[in-house]
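Please keep the sequence and the structure in view while reading.

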Amino acid sequence: MEGTRHQTESKSTFLMMKNTLLTALAIFVLGNLCRFGLPWWCLAPLALLVGWYFTRNAWAAFFGGFLGGFLLWYATAWLSDLSNGGMLSAKVGQLFMGVQGWQLLLVTGILGGLLTALGALTGRWAKEMLVAPSKKRNYLQEKRR
Amino acid sequence: MRTIKFILALSLTTLFVWQLAQPQQLGDKTIPPFGSFFNPFSGFWTNAEPAKGFDDVSRSLPGLKGKVEVVYDDLLVPHIFAENQEDAARVQGYVTAQHRLWQMDMTSRKASGRLSEVIGEKTLRLDRLARRKGMVYAAENDLIGWKKSPKTMALLQAYTDGVNAWVNQLSPAEWPIEFKLLNYAPEPWTPLKVALVSEAMAETLCTWEDDLESTNTLAALGRETFDYLYPEWNPKQHPIIPDTGQWADLHPLLPPPFFADSTRSLGFMETEAPEEKYLSDGPIVGSNNWALSGAKTKSGKPILCNDPHLNLTLPSIWFQVQIHTPEANTYGVSLPGVPGVLIGFNENIAWGLTNVSHDVSDWYKIHWANAERSKYSIDGEQKSVRFSYEKIGVKGQSDFMDTIRYTVFGPITYDFESENPLRDCALRWIAHDVPEQSTFDVFLGLNTGKNYEAYKNALPGFDSPAQNFVFASRTGDIAIQTQGKYPVRGDQQGRFVQEGDRWANAWHSYIPSNQVPSMKNPSRGYVFSANQHSTPPSYPYYYLGNFEDWRSRRIHDRLEAMTNATVDSMKSMQLDNFSQRAADALPTMLRLLDRTQLDAEGKQMAEELARWNFRYESELLAPTLFEAWFDSCYTATWDEITALEKRGQSTVPTDDLLASKNQKIALLYPDAWRFIEMMQTDSASVFFDHPATPFRETARDIVLESFKLTQAYFKEHPENRVAFGEHKGFVIKHLGQIDAFSRFGIKLGGHRTAPNAISKANGPSWRMIVELGDVVRALGVYPGGQSGNPGSRFYDNMVDTWANGNYYDLLFLKSSGDVSTRILGKQVFNPK
């Protein structure tokens with residue numbers, strides 16, 4: 001019994017990891033649409049759609065959403081910062097109580113991440129509210145039982 | 001449950017998005033909405049330009065007649081190669097906007113009283129003042145004058161269209177970072193804004209006046225004392241144009257029959273001094289320029305130099321540009337927002353500017369005929385004011401409505417401040433006038449000029465702000481002209497506030513342009529100006545102004561002694577930290593100082609000062625000590641005036657003084673040169689006496705007393721006993737006062753009384769040296785960078801070069817195909 005349970009658990013962990021990463025990837029890819037002049041807040045509805053279509057549970061939605069948005073904003077900013085040699089981030093950092101360039105990058109990532117995490121979670125829970133929940137038990141339910 | 005979870009998530013998301021869309025308060029700073037600001041696709045990160053390389057671009061530009069190539073050098077100077085002047089102007093507008101758009105926006109906003117729209121209530125007073133000084137009125141009148149020349153108006157329009165071609169294709173991601181920080185969008189450029197930028201320059205350069213202070217001081221001290229303390233002519237001065245007999249048969253226009261006595265009848269202009277005025281030592285903004293004839297130079301060719309001193313900002317006030325057209329090949333500095341080159345050179349001539357500093361703004365006391373102040377009396381008749389209703393947008397608030405009254409003299413500026421002593425006065429300012437000709441004809445004439453005749457023909461169209469135009473040509477001519485529009489004044493007219501109830505007091509005529517002081521090829525082999533008096537008193541017109549007393553004497557002495565001048569000797573003059581004021585004052589003060597009254601420490605300080613060579617070098621302590629001693633000595637001497645100002649125990653009993661106790665009144669302090677002269681020749685003057693003490697002090701006592709005070713001060717504050725560079729605390733502030741985009745901590749020598757006139761926030765805003773000849777050799781540097789973007793490597797890259805006293809060889813290209821290792825890349829513009 002223990003073994004089976006362990007297997008089930010690791011399988012569902014794997015599935016959840018996969019789903020989290022898929023969510024992150026979807027947000028990262030779709031989020032690049034923002035390059036074409038979409039306003040920043042479009043990330044939230046975008047993440048909502050991803051949350052609806054791609055996620056299997058709230059955890060995957062939130063963490064996958066966060067990871068996707070974080071990477072999207074962090075990497076984009078990091079590339080700019082890198083080619084700029086950190087000139088501008090050092091100055092803008094001074095505007096924000098003297099934080100360092102890398103801290104600005106982190107703030108950027110976290111803001112992007114939270115935006116998509118919340119968006120994806122909303123999408124997930126919207127689906128759970130409006131559409132009958134999937135028959136598959138998710139990881140949490142497994143554990144509670 | 002599911003519904004609750006959903007609502008929870010939705011609310012959280014909405015709240016978070018809403019929060020990110022709000023401007024944030026961080027201490028006393030307002031920070032833009034985080035969402036748009038941090039968004040790496042369009043927020044501040046997109047302003048982080050690559051630190052290397054340059055992307056060549058080719059694009060079409062509507063309105064172009066031919067192809068235009070722009071070659072960028074390693075300082076990001078655009079070298080524009082166009083097939084005609086209109087195309088050149090169009091592309092100049094485009095590239096200037098590309099690098100300096102926010103600065104252009106800010107300058108025009110400040111001049112037109114539209115800062116509050118984007119900043120908020122804290123700039124409301126500034127905005128009201130800008131409008132109440134009639135800045136927009138002046139700019140509109142400029143346009144009327146400029147339209148007299150369809151040719152230059154077409155260039156102006158092309159420049160404007162070029163700016164807008166850049167503005168219109170901008171996506172929010174490409175906005176300069178300041179727009180993102182202040183959270184507002186760029187606007188189209190207009191010809192009116194061009195006029196506003198030039199009026200902003202006029203405001204900086206020709207709004208100086210001491211009318212109120214002089215009026216009060218005359219009322220308080222009486223004529224005799226007033227004339228003793230405030231003589232208008234410094235006999236040690238070397239005027240720009242010396243008297244060589246050229247005015248002997250000049251027939252001057254008669255001054256108006258103004259009522260000189262009307263000034264006295266005004267008495268005190270009560271209530272508070274509007275602004276803090278201190279040690280009167282000549283203008284804070286000033287400049288040097290000079291030209292040497294071939295006889296004075298090693299190469300045998302003329303050399304021309306110019307360093308305009310202005311408030312130093314980032315982005316810098318200047319933008320370098322080369323403009324090559326079939327008509328001319330011109331290089332120099334331009335004002336962002338204004339077409340053409342303002343100070344520069346071409347293959348044949350070079351020219352430079354300094355401020356003439358004449359007083360061309362007068363105050364007239366208006367006599368209201370009714371309580372609503374809609375009518376006023378003049379020559380016994382009643383006239384109606386013209387009302388101008390101004391709507392001032394204020395960020396975060398409803399619009400502010402202001403009413404401005406215009407009289408025949410000009411606008412009533414200060415009637416919105418009931419305590420302001422000038423509240424009933426109308427401002428007559430030369431910059432309000434419709435120009436006789438287009439200012440751009442003048443600069444186009446210089447830009448494309450080939451010889452002295454071109455220079456001489458171009459200048460008379462230039463009205464305001466009056467400038468000393470220095471000139472040199474390849475063929476060996478040098479010249480200078482104090483060009484501007486000046487009212488013909490009666491003796492001392494305009495020195496004091498005048499009665500506005502008599503039309504006779506107004507300006508009625510102007511000095512004819514052929515009588516404006518000028519000089520060509522003097523036998524001494526040089527011409528120069530440093531904002532000093534234009535002429536000696538023998539010039540047949542009365543004028544007054546805020547004239548410089550020190551730099552000009554030093555520059556005169558050096559030029560007089562100079563032979564075989566080279567570019568290097570010119571550098572050493574521009575970088576000269578020698579102060580004539582210190583050289584005049586310090587030996588006198590040391591001579592008056594009774595050293596036997598000093599303790600060992602004091603004697604040491606006196607020796608330190610005695611060893612000083614009068615140079616404000618950054619690493620020296622002596623200039624710090626001297627500054628403190630001189631200021632203290634000056635303050636101790638003029639305690640009578642300070643007491644009067646505070647309406648304390650005054651020695652001058654007048655009824656006027658009692659009129660409003662407890663209020664500070666605006667008074668004039670004597671010029672430093674007069675103060676030093678008094679120490680030298682009249683050390684027993686009553687003004688060295690402290691009225692409050694039973695003793696009769698002389699200059700000796702004051703010098704000793706202030707020395708001891710200075711010594712005690714530095715003992716008490718050893719942290720301030722530092723080398724001069726540190727004492728000065730030089731700073732180049734960002735135009736929007738953003739510290740993160742400013743430059744602090746550069747330790748520099750120089751002083752406003754030395755040719756290298758670097759003060760705390762002012763200084764040589766462009767140092768230029770041009771040696772004419774078959775090949776022009778030109779050097780230049782300004783404390784900034786070509787790009788206005790703090791995220792660009794060209795934002796402040798020239799600051800250190802400037803601070804270290806170095807120059808760049810200006811890359812003066814002959815064609816767009818020239819090969820140079822200094823070329824960075826190319827932009828090509830094609831007709832659409």
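## The open sheet of chain B

In chain B, 11 strands make up an open sheet with mixed pairing, in the order E3-E30-E4-E5-E9-E10-E11-E12-E20-E21-E23; strands are DSSP runs of E with at least two residues, helices are runs of H or I with at least four, and both are numbered from the N terminus. Two strands pair if DSSP finds at least two bridges between them. The edges are formed by strand E3 (57-61) and strand E23 (518-520) of chain B, each of which pairs on one side only. On average, and with direction ignored, neighbouring strands of this sheet are turned by 15° against each other.

Within the sheet, strand E11 (residues 343-346) and strand E12 (residues 349-355) of chain B run antiparallel and are joined by two bridges. B:Phe345 has B:Ala350 as its bridge partner in E12(B).

## Basis of the model

The model is predicted, so local features need pLDDT of at least 70 and side-chain atom pairs count only at pLDDT 80 or more, whereas totals for chains, interfaces and linings use all residues. Residues are numbered from 1 along each chain as its sequence is written, while chains are lettered from A and ligands numbered from 1 in the order in which they are written.

## Nonpolar cores

A nonpolar core is here a set of buried Ala, Val, Leu, Ile, Met, Phe, Trp, Tyr and Cys residues joined through C-beta atoms within 7 Å. A residue is buried if 20 or more other C-beta atoms lie within 10 Å of its own, exposed if 12 or fewer do, and partly exposed in between, with C-beta atoms placed from the backbone. The largest such core has 204 residues, and those with the most contacts inside it are B:Trp290, B:Ala291, B:Phe471 and B:Val770; H3(B) gives the most to this core, with 11 residues.

Leaving out residues up to four places away in sequence, B:Phe471 touches several residues, among them B:Ala291, B:Ile349 and B:Trp351; contact requires that the C-beta atoms of two residues, placed from the backbone, lie within 7 Å. A second, separate core of 50 residues includes A:Ile27, A:Ala60, A:Phe70 and A:Ala77.

Helix H7 (residues 150-168) of chain B packs against H12(B) at an angle of about 90°, with the axes 9 Å apart. Axes are lines fitted to C-alpha atoms, for helices over the stretch in contact, and angles run from 0 to 180 degrees between N-to-C directions. Because angles of 65 to 115 degrees count as roughly perpendicular, under 35 as roughly parallel, over 145 as roughly antiparallel and the rest as oblique, H7(B) is roughly perpendicular to H12(B). The contact joins B:Thr152, B:Leu155 and B:Leu156 of H7(B) to B:Phe440, B:Asp441 and B:Leu444 of H12(B).

B:Leu444 lies in helix H12 (residues 439-447) of chain B and counts as buried because it has 25 C-beta neighbours inside 10 Å. Apart from neighbours within four places in sequence, B:Leu444 is in contact with B:Thr152 and B:Gly340.

## Where the chains meet

The contact between the chains takes 33 residues from chain A and 34 residues from chain B. On the side of chain A that touches chain B, helix H3 (58-84), helix H4 (87-95) and helix H5 (101-130) of chain A each supply at least two residues, and H5(A) gives the most, with 13 residues.
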